[in-house]
Amino acid sequence: YSLSSGIYYNSTDIRLTLSLSLSLSLSLSLSLSLSLSLSLSLSDLSLPASLSVSPDRSQFFEYESVSLSCEVQGNSAGWRVVRNPSRGILSECHTDWGKQQGSSCITSLISSYSGVYWCESGSGEHSNAVNITVPAGAVILESPALPVTEGDNVTLRCRYQGTPSDLTADFYKDGSLIRTETTGEITISAVSKSDEGLYKCTNSEGES
């Protein structure tokens, strides 16, 4: 299985940086105008809720437990976790899967649960979407479930379901070998746009 690294530029950070550099070089009146327009556009882009995943990763072994929580700006009443599996139909937590606890959902994963998950309110508002995969094999690549921002350090772990779990692993980006690590993990320091891509790993027990 190939896995998107989850390494992306955060558009909010980029826009704020542009606003600052323009303000330094232009007149005061023009700077104020630019700052106001950028602030409004940033506000329009913000979502009323965010879906968090615990443990924070996008690949899981079968029968692992995961907690999906709706972090809402304001009152969280009426928000629920929804999924659109790769094989199946759109459904809410606690219908035929998961256990609802407030605005959170706890579920034990099986391969058919692979799909896209998000939070949704009774009025149709929604959060970011998170892609969760549950491979049938015994090797997964652990990477953050949510996008990271430029400059962050990101650790990718090639994990085997058996013992030991941290076997020597080869790491690939967009199909090309980038590194072999005896610890079974790599850290990408100060990620940038050049680090975007599809990542996977292999070890003596299989591939993610």
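1. Cys70 and Cys119 are both buried, where buried means under 20% relative accessible area, exposed means over 50%, and partly exposed lies in between (1.4 Å probe, protein chains only). A disulfide joins Cys70 to Cys119, with an S to S distance of 2.2 Å; the term covers a pair of cysteine sulfur atoms within 2.5 Å. The torsion about this S-S bond is about -100 degrees, so the Cys70 and Cys119 disulfide is left-handed. The pair links distant parts of the chain, with Cys70 in strand 3 (residues 65-72) and Cys119 in strand 8 (residues 115-120), 49 residues apart. Strands (E, at least two residues) and helices (H or I, at least four) are DSSP runs, numbered from the N terminus.

2. A note on the basis of these values. The model is predicted, so local features need pLDDT of at least 70 and side-chain atom pairs count only at pLDDT 80 or more, while totals for chains, interfaces and linings use all residues. Residues are numbered from 1 along each chain as its sequence is written, and side-chain values use heavy atoms, with hydrogens and water left out.

3. The structure holds three disulfides. With the bonded cysteines numbered in sequence order, they pair as 1-4, 2-3 and 5-6.

4. Another of the disulfides joins Cys93 to Cys105, S to S 2.0 Å. Its torsion of about 85 degrees about the S-S bond makes the Cys93 and Cys105 disulfide right-handed. Cys93 lies in the loop between strand 5 (91-92) and strand 6 (99-101), and Cys105 in strand 7 (residues 104-108), so the bond ties together parts that are twelve residues apart in sequence. Cys93 has a relative accessible area of 0% and is therefore buried. Cys105 counts as buried too, at 0% relative accessibility.

5. Cys158 and Cys201 also form a disulfide, with their sulfur atoms 2.1 Å apart. The torsion about the S-S bond is about 80 degrees, so the disulfide of Cys158 and Cys201 is right-handed. Distant parts of the chain are linked here: Cys158 is in strand 11 (residues 154-160) and Cys201 in strand 15 (residues 198-203), 43 residues apart. Cys158 counts as buried at 2% relative accessibility, and Cys201 is buried at 0%.

6. Two strands pair if DSSP finds at least two bridges between them. Four bridges join strand 11 to strand 14. Leu156 has Ile186 of strand 14 as its bridge partner.

7. Strand 8, which holds Cys119, is joined to strand 9 (residues 126-132) by five bridges, and the two run antiparallel. Gly115 has Ile132 of strand 9 as its bridge partner. The hairpin of strand 8 and strand 9 has five residues between the strands, and Gly124 takes a positive phi near 95 degrees there.

8. There is one aromatic pair. Rings of Phe, Tyr and Trp (its six-membered ring) pair if their centres lie within 6.5 Å; planes under 30 degrees apart count as stacked, over 60 as edge-to-face and the rest as tilted. The ring centres of Trp97 and Tyr117 are 5.7 Å apart and their planes stand at 85 degrees, so the pair is edge-to-face. Trp97 is in the loop between strand 5 and strand 6, and Tyr117 is in strand 8, 20 residues apart. Both Trp97 and Tyr117 are buried.

9. Charges also sit over rings, a term that requires NZ of Lys or CZ of Arg within 6 Å of the ring centre and within 35 degrees of the ring normal. Arg83 lies over the face of Tyr113, 4.2 Å from the ring centre. The charged end of Lys200 sits over the ring of Tyr172, at 5.6 Å from its centre.

10. On the protein as a whole, there are two helices and 16 strands. Buried residues make up 38% of the 208 residues. Of the contacts with a separation of 6 or more, 61% are between residues 24 or more positions apart, a contact being heavy atoms within 4.5 Å.
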